[in-house]
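Q: I have a structure open and would like to go through it piece by piece. Can we start with a strand and work outwards?

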Amino acid sequence: MIPRLPFVEEFHTFRMNTLTIPLCDDFHVHVRQDDMMKAVVPYLAAGGMSRVLVMPNTTPPITSTAQALAYKEELEAVDPNITYLMTMYLHPDITVEEVHKAADAGIVGIKSYPRGVTTNSDAGIEDYSLYYPLFEAMQERGLVLELHGEIPSDHERDICVLNAEEYFLSHLKQLYTDFPYLRIVLEHITTAAAVAAIREAPETVGATVTAHHLELTVDDWAGQNHNFCKPVAKYPHDRAALREIVAEGHPRVFLGSDSAPHPRNAKEAACGCAGVFTSPLLAAYVADTLESLGCLDRMRSFACEFGADFYGLPRNEGTLTLSKQTCTVPASYGDVVPFRASQKLSWSLCPHS
Ligand code: DOR
Ligand code: ZN
């Protein structure tokens, strides 16, 4: 348990009804390509972010340093004020030499998607042992392995979206046992089992938590396409475990929004796409939720400090001020419906200083 420090900002929260913290980090975001990229990238700064870890599940996926750098340039052309931390997609095309090239170029991590479990994951992994030489090189060069922690459904074995994360945890354990110096992030955790696995994992293993998984359970996405994402939100006791580990200020648990925009018609289709869009109001969603949990004082560490520390990056400069004023989430941003559309949040984002 980290002691709660009396920050000056908290005094201001009390006195002025504002919360001033450093600009935030989003250690897991989908910013897409082409017109969708141009539409959503400006919302990163609007949502209080200064630095983001960019997911590589584009079409085609980012499987080389050259592609990652070209993508970064495109993102910088839309908003040069955000720091884009680039990742590649774990894939048989990636060689050990490519890992070294990526490390030299400042690429931060490699993301693993189990095959077929989510958007653009058809090229995902099936067997980690194939990639052990890459993990060796990543460990040596300090690249982080980001894991989408679900295994594919297998009805013969009674595996479906509700227990896919829990079944993945033995793979996590195997990986950190076999690569004791490799930093690994279990992305967007959703279960009490994953929370327990993170608690018992070594210092090299962290986890991201999304704003939406702190709010949702199965009841919120079954029949409600806009709350459907992968991994799906689970039981109330799972959400309680997520809330608890964030509220206690676990230093290896930090914000990764998994904000994943899809056009409205793709979300509302009979077979709707997985993904919840939170970028435009990300810091406000988190503040609203943490306050409702009685732990607004964890906002700074969860959204601005622990992720940077885990990734070995300097903490952000520049400040973000939120004010305790009700805001109504827009019904849509262009063609994309955001999380909690048309609902009220208790915190508003002020223009950045
Ligand atoms: O809900 C999700 N949407 N989960 C993912 O892992 C991918 C993402 C997307 O790219 O749409
Ligand atoms: Zn994602």
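Q: Which way do the residues of strand β5 point, and are they buried or exposed?
A: In strand β5 (residues 109-112), G109 and K111 point one way, while I110 and S112 point the other way. All of them are buried. Buried means under 20% relative accessible area, exposed means over 50%, and partly exposed is in between, using a 1.4 Å probe and protein chains only. Strands are DSSP runs of E with at least two residues, helices are runs of H or I with at least four, and both are numbered from the N terminus.

Q: Before we go on, what kind of model is this?
A: This is a predicted model, in which local features need pLDDT of at least 70 and side-chain atom pairs count only at pLDDT 80 or more, while totals for chains, interfaces and linings use all residues. Residues are numbered from 1 along each chain as its sequence is written, chains are lettered from A and ligands numbered from 1 in the order in which they are written, and side-chain values use heavy atoms, with hydrogens and water left out.

Q: Back to β5. How many bridges does β4 make with it?
A: Strand β4 (residues 83-89) pairs with β5 over three bridges, in the parallel sense. Two strands count as paired if DSSP finds at least two bridges between them. M88 has I110 in β5 as its bridge partner.

Q: What sheet are they part of?
A: An open sheet of eight strands, in the order β2-β3-β4-β5-β6-β7-β8-β9, with parallel pairing. The edge strands are β2 (24-29) and β9, and each of these pairs on one side only. From one strand to the next, the twist averages 25 degrees. For angles, axes are lines fitted to C-alpha atoms (for helices, over the stretch in contact), and values run from 0 to 180 degrees between N-to-C directions.

Q: And what joins β6 to β7?
A: Strand β6 (residues 144-147) and strand β7 (residues 184-186) run parallel and are joined by three bridges. L145 stands opposite I184 in β7.

Q: New topic. What holds the zinc ion (ligand 2)?
A: H28 (NE2), H30 (NE2) and D258 (OD) coordinate the zinc ion, at 2.0 to 2.1 Å. Donors are N, O and S atoms within 2.8 Å of the metal (3.2 Å for Na, K and Ca), and water is not among the atoms, so sites may look incomplete.

Q: How are those donor residues spaced in sequence?
A: The spacing is H-x1-H-x227-D.

Q: Are H28 and H30 buried or exposed?
A: H28 is buried, at 0% relative accessible area. H30 also counts as buried, at 7%.

Q: How many salt bridges are there?
A: The structure holds 14. A salt bridge here is a side-chain nitrogen of Lys or Arg within 4 Å of a carboxyl oxygen of Asp or Glu.

Q: What does R141 pair with?
A: R141 forms a salt bridge with D104, with the closest N and O atoms 2.8 Å apart. R141 is in helix α6 (residues 132-141) and D104 in helix α5 (residues 96-104), so the pair links distant parts of the chain, 37 residues apart. R141 is partly exposed at 32% relative accessibility, and D104 is exposed at 60%.

Q: What about R252?
A: R252 forms a salt bridge with E203, the closest N and O atoms being 3.8 Å apart. R252 lies in the loop between α10 (236-247) and β9 (253-255), and E203 in the loop between α8 (192-200) and β8 (205-209), so the pair ties together parts that are 49 residues apart in sequence. R252 is buried at 7%, whereas E203 is exposed at 65%.

Q: Which residues form a network of salt bridges?
A: R300, E305, D309 and R315 are linked in one. Within it, the side chains of E305 and R300 meet at 3.1 Å, N to O. E305 is buried at 9%, and R300 is buried at 15%.

Q: How many disulfides are there?
A: Zero, taking a disulfide as a pair of cysteine sulfur atoms within 2.5 Å. For C273, the nearest cysteine sulfur is that of C271, 7.8 Å away. C273 is partly exposed, at 26%.

Q: Last one: where is T217, and what does it touch?
A: T217 is in the loop between β8 and α9 (218-221), and is buried at 6% relative accessibility. Leaving aside neighbours within four places in sequence, T217 is in contact (heavy atoms within 4.5 Å) with A233, K234, Y235, P236 and R239.
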